Structure formats: C-alpha cells, structure tokens
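Hello,

Here is the structure we spoke about. My notes follow below it.

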Amino acid sequence: MEVWRVNLAEQSLKREPVPESWSRFGGRGLSARILLDEVPPTCEPLGPHNKLIFAPGLLTGHVLTSCDRLSVGAKSPLTRGIKEANAGGSTGLHMTNMGMKALILEKELPANGKTKSGWWVLHLSLTGARFEPADDVAGLGVHDATEKLLARYGKKVGIALIGPGGEMRLSAAGIQNLDKDNLPSRMAGRGGLGAVMGAKRLKAIVFDDAGGKKPSLANAEAFKAAQKKFTKNTLEHPQTKGFHDYGTPAMVRMTNAFGGLPTRNFSSGVFEGAETISGEFMREVLLKRGGESEPSHACMAGCVIQCSNVYGGEDGKAIVAPLEYETIGLMGSNLGIPDLDAVARLNWEASDLGLDAIEIGAALGVAAEAGLMKFGDGTRALELMREIRQATPLGRILGHGATMTGRVLGVLRVPAVKGQAMAAYEPRGIKGTGTTYVTSPQGADHTAGNTVRAKVDHLDAKANIAISRGAQINSAGFDTLGACLFAGFGFMTAPEVISELLNARYGWQVGTDILQLLGKETLTLEREFNRRAGFTAADDRIPEYMRTEPLPPHNAVFDATDEDLDGMFNW
Amino acid sequence: MRVTVHLHTVLQRKTPEGMLRQLEMMLPPAGTLGDLLRTLDITPQGDAILLVVNGRQVDVTQPLSEGDEIHLIPALSGGAPHHAGLAD
C-alpha cells in the first residue's frame with residue numbers, strides 16, 4: 001500500500017511509502033493521524049492549508065460483508081474542528097484495488113488554465129493522475145453529473161463528487177460516492193467536507209482501478225476462516241433480518257416509543273404521525289408499489305445485511321435511493337411531516353444538491369420555528385430547498401445549516417453542538433446519544449456513539465455516561481476498521497474475529513482488545529487536534545435551553561453534570 | 001385490565017388483513033409483562049427484545065397497569081456497556 005499525495009496547485013501526484021506511525025491505522029484513525037501530523041489546527045478550513053483525506057478502513061478491500069467503508073477527513077468548515085465523514089459505496093474498494101492506503105489532497109486547483117468553468121475532475125489510475133476540466137459537469141446536480149462522468153470514464157470506475165452545494169462552499173455540503181449499482185447514493189455527509197472539496201475546485205475524483213487487484217493477505221487461509229465465521233455470524237444474527245427487511249427506518253417507531261423522536265424542531269420526542277413514516281409502513285408501501293421500489297438493498301458489494309432501500313412512487317419510478325431513518329427524522333417528524341412521499345422528495349433535493357439531509361432538515365426546522373414555513377407543509381419545505389439551488393441569500397443561509405439559520409433568523413432553539421446539527425435522537429429523550437453529541441470531537445454526531453439500543457434507562461443521565469463512552473470508543477474503532485456499525489452484529493457474537501481478520505491480513509499479532517485500542521487512540525488524536533484548534537470544555541456542552549426546557553412526553557431535560565461530561569475521555 | 005401492545009419489525013403478526021403491529025389486550029388484574037409475553041407466545045432470548053412500558057425499559061417481572069403502552073422491540077443482543085452504541 002502507498003500514500004497517494006496530490007498537490008492540486010502543482011497538479012502533481014507522489015506515491016509514497018506508508019510511514020510506520022500511520023501503518024497501524026486506517027479509516028477514521030488514519031485520517032486523524034494525518035490531519036494532526038500535517039494540517040495546522042488553526043487553519044482556515046476553506047483555505048489552502050486544509051487537506052482533504054480519503055482513507056479506506058483497515059479491513060476494506062476484500063468484500064468482507066459490510067466492511068469496505070471509507071473515511072473522508074479534513075478540518076470542518078461547519079464545526080471548525082476535526083471532521084471525519086464516513087460512507088459506504090464502492091470508493092473504498094476502488095482505492096484498495098489501487099493500493100491506496102490514503103489519498104491526500106493538498107492546496108487548491110487554479111480557477112483558470114485548462115478549465116473554463118473553474119472546475120476540475122481528478123482522474124486517478126495506476127498510470128497516474130490526470131487533471132481535466134469539469135466544464136460539462138460544473139453546476140450540475142449530483143445525479144446528472146454522475147451520468148455524464150460515467151459516460152466519459154466508463155461504468156467500472158469509482159467516483160467521489162460534490163453537487164451545487166459543495167460548489168457554493170456551503171457548510172452542509174457532503175461528498176457523494178457511487179454505490180455498487182453506480183448510483184451516487186452514499187454520502188460522506190456530515191460536517192461540510194463537500195465545501196472543502198469545493199474550495200479546492202474539485203468537482204469530482206474518478207478512481208479507475210483497471211489493472212488493480214485486491215490487497216495481499218499475510219495468511220490467506222486464516223483470513224478465509226475468519227471471514228467465513230464472520231459472515232455466518234452476521235447472517236445468523238437475529239438483528240440482520242430486521243435490518244434487511246426494514247432497514248434503518250425501523251428506528252422511527254423505536255425512537256418514538258422512547259419519546260426521543262425529534263418532532264417540530266426538537267420540541268417534542270413523540271410524533272403523532274410516526275406510524276405513516278415508520279419502517280414497517282414503508283415496507284408495506286414499497287412491496288405494494290413494486291416497480292423500482294426495493295425494501296432491501298446493498299450499498300456495498302457482498303453485504304448480507306442489505307439495510308438500504310430504493311423508495312419509489314405510485315407510478316413505480318424511484319423517487320430517491322435510499323430513504324433512511326435520519327432523513328425521515330429530520331425532514332419528516334422534525335418538520336411535522338407525516339408523509340413518506342413528501343420526505344422522499346425533500347431527500348432527493350438534498351441529495352441532488354449534495355447536501356447533508358440531517359443538517360438541512362435541522363435548518364428547515366429552525367426556519368419553521370422562525371415562521372418561514374408551517375410545520376407539516378412539505379410543499380413549502382421544497383420551495384425553501386429550491387432557494388438553495390437558486391443560490392438566493394436565504395438559500396445560502398439554509399445551506400450553511402441549522403446554527404447559521406438560527407443566528408440569522410433570531411431563533412434560540414437550535415439543536416446543535418459545536419455548530420453541527422443533532423441527528424434523529426432527541427438528547428433529552430435518549431441521554432446517552434445526547435451525551436455523545438455533547439462530548440464527541442465530531443460535534444453532534446449520532447454515528448460517533450449511538451446508545452439507543454443499549455439496555456439502559458435512556459432518561460438516566462448518570463448511567464448513560466459509561467454507555468456513551470463505550471459507544472464512542474467502539475464506533476471510533478469500527479470507523480478505523482472500515483466496518484459498518486451494523487457489522488457489529490456479526491462481530492459481537494465472536495469479537496475475536498476482528499483480531500483474527502487483522503492478523504491474517506497484515507501479519508500482525510494484535511489481541512482481542514484491538515477494537516477498543518484503535519477507538520481510544522483515534523479519539524485521543526481527534527481531541528488533541530481540537531485542543532490545538534482552540535476547543536475547550538466549554539464546547540462540550542448542550543444548548544442551554546435543553547437544560548431547562550422539558551421535552552414531552554417524559555418532560556425530561558438534559559441533566560448530565562459538567563463533571564461527568566468533562567470526565568468522558570478519562571480512561 | 002386493558003393494555004396496548006406495539007409489535008416492532010419482525011415481531012409483527014401476519015394476518016389476512018395485513019401486518020398487525022398494534023393490538024389491545026385484556027389481562028388479569030395482577031399481570032406482569034412476562035405473563036403478557038407468554039400469552040403472545042414470545043420468548044425473548046437474553047436481551048434480544050427491548051421491553052418498553054410507557055416509554056421506559058423494563059424487564060419481564062414488570063407489573064402492568066390499566067392503560068399501559070407496551071412496545072416489544074427486537075434489538076441487538078448483548079447488554080454489556082461496551083457492546084452498546086452499535087447500529088443506527
């Protein structure tokens with residue numbers, strides 16, 4: 001494996017050996033290590049000193065079920081701290097086929113030269129790097145741009161691209177990756193990394209792995225044995241069938257049952273319309289509609305869980321792929337919209353613009369609180385999203401997310417931490433996830449340590465401190481492995497499989513505590529970056545109003561103590 | 001006493017009218033959640049089902065009252081703290 005270092009200003013590519021201190025990392029941990037080593041934590045996120053890192057996970061490359069994920073990292077223009085955004089899809093696999101330990105994008109491309117539009121496509125293959133004008137795809141939505149890029153470069157490539165949102169350098173912009181069916185559906189969504197890519201004038205990166213091959217294995221037999229065990233455990237786990245048939249939308253009725261489903265700008269944890277946006281209801285709808293609808297769908301080749309979906313309309317045509325829980329939460333219940341078709345249309349707009357649906361949903365919730373739309377009005381919500389596409393001042397404000405929207409419109413109740421909007425778990429209803437929002441170096445991020453499935457009283461703040469800590473460590477570990485959090489089903493039945501897989505692939509001798517070791521190290525690196533960027537304990541706090549305003553139905557407030565929160569990373 | 005039971009994902013019941021996921025049940029006065037599960041022929045293996053009454057997690061010994069809202073939610077097994085937090 002090599003580090004592929006691209007200097008965008010010089011338009012050069014260097015393929016370098018992997019430094020010893022980077023070799024034991026992948027994914028999120030590797031991104032953190034590189035950023036701490038090479039990026040001044042006080043740099044301007046959209047300036048030339050920020051670097052954009054693409055790092056496949058340690059296990060990525062062998063089509064292990066659910067383990068080919070990709071981390072994208074940089075300093076975030078949204079949180080102004082370290083950011084890792086994680087995605088499934090095929091980019092990770094293309095990178096490992098080309099022997100890429102990591103891709104580091106430095107500086108920025110010129111506004112002129114070969115390009116008329118000011119936008120570029122970076123084409124990477126085993127013969128080197130080509131910097132080509134993106135004139136025919138600049139300004140296009142993600143779906144049209146993908147079609148043109150596939151026509152130009154062929155259907156076997158991987159692509160990471162930004163939409164108009166990233167081109168506008170909006171802080172809610174993400175970076176999309178192709179799934180195994182070549183749809184640009186897997187977004188490295190949170191924290192504005194699409195704006196960083198846009199600031200570098202890069203519309204798309206094409207990963208052409210022609211002539212490449214899977215990474216070598218130190219012990220192929222041992223790897224195969226561990227892989228067999230892992231696949232079997234994943235297939236047989238009772239939760240796998242649930243996720244296969246109902247996907248993440250199964251969370252709607254679950255979170256609603258706990259009183260933690262964000263409703264009408266996080267003003268309640270229970271939504272009277274939950275039934276008609278639930279996973280169970282969605283499955284019935286999709287099975288009835290047929291056509292292009294698919295209640296089960298794999299985002300990565302070889303995944304046996306297949307938790308994703310394709311959401312189609314009554315005419316049988318796909319409206320959006322996928323329609324996931326977070327979007328149903330932030331653009332459904334959070335906006336008071338009980339209609340999946342309406343949510344699907346909002347989701348498609350966000351996806352085509354290349355924007356994080358969580359951040360935009362939260363921004364729209366804040367806008368509704370400010371009176372710019374009525375809760376429940378899906379049509380008006382779409383109109384507001386069209387303002388983003390038209391780059392009106394209001395559109396730009398919304399496109400920078402919930403915190404900017406709240407500040408400009410004078411709304412106090414903004415559900416965000418470190419400038420990043422909360423996900424579809426109300427922190428007063430699910431206090432463990434709330435604790436993760438508050439303390440995670442990533443800002444308000446549920447994948448950084450979700451506790452909703454833990455066997456704990458979600459309203460007991462003290463009991464949830466350790467739960468959040470354990471969840472954050474594990475999640476950081478999974479993100480470093482390149483494993484989907486849902487691979488946890490297979491791993492937790494026989495956790496020794498993780499070390500067996502790593503030792504067989506790399507010839508290491510790591511123990512069964514490797515997941516936690518990787519997780520802790522990753523979090524330590526991220527915390528250090530943020531400390532140098534100027535973050536203090538004052539940034540690890542819930543929005544003030546959530547300490548005093550009780551959330552129905554339990555009338556709960558967020559009451560974790562400052563002392564407990566500040567002790568989160570003492571291990 | 002009458003309670004309302006909500007069945008999640010794979011616990012839903014197939015009926016000729018479609019998937020049944022909410023039902024009203026009559027239980028004897030001093031019934032527990034364990035009694036209700038037996039009546040429904042549901043045997044949770046370990047922590048494989050989250051048992052939720054009126055929005056709070058409970059165990060099978062939980063006594064039930066008139067009007068209780070019960071949610072039976074298939075979940076990740078393994079309740080050790082460091083196994084928590086996996087899955088969206």
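A:His297 has A:Ser308, in S14(A), as its bridge partner. The model is predicted: local features need pLDDT of at least 70 and side-chain atom pairs count only at pLDDT 80 or more, while totals for chains, interfaces and linings use all residues. Residues are numbered from 1 along each chain as its sequence is written, and chains are lettered from A and ligands numbered from 1 in the order in which they are written.

Strand S14 (residues 308-312) of chain A pairs with S13(A) in the antiparallel sense, over 2 bridges. Strands here are DSSP runs of E, at least two residues long, numbered from the N terminus; two of them pair if DSSP finds at least two bridges between them. The open sheet has 3 strands in the order S13-S14-S15 (chain A), with antiparallel pairing. Its edge strands, each pairing on one side only, are S13 (294-297) and S15 (318-320) of chain A. Neighbouring strands of this sheet are turned by 40° against each other on average, direction ignored (axes are lines fitted to C-alpha atoms, and angles run from 0 to 180 degrees between N-to-C directions).

In chain B, strand S1 (residues 2-7) pairs antiparallel with strand S4 (residues 22-26) over 5 bridges. S1(B) also runs parallel to S7(B), joined by 4 bridges. B:Val5 has B:Leu23 as its bridge partner in S4(B) and stands opposite B:Ile70 in S7(B).

Between the chains, 28 residues of chain B are in contact with 39 residues of chain A (C-beta atoms, placed from the backbone, within 7 Å). S7(B) gives the most to the chain B side, with 3 residues.

Regards

Notes. Two residues are in contact if their C-beta atoms, placed from the backbone, lie within 7 Å.
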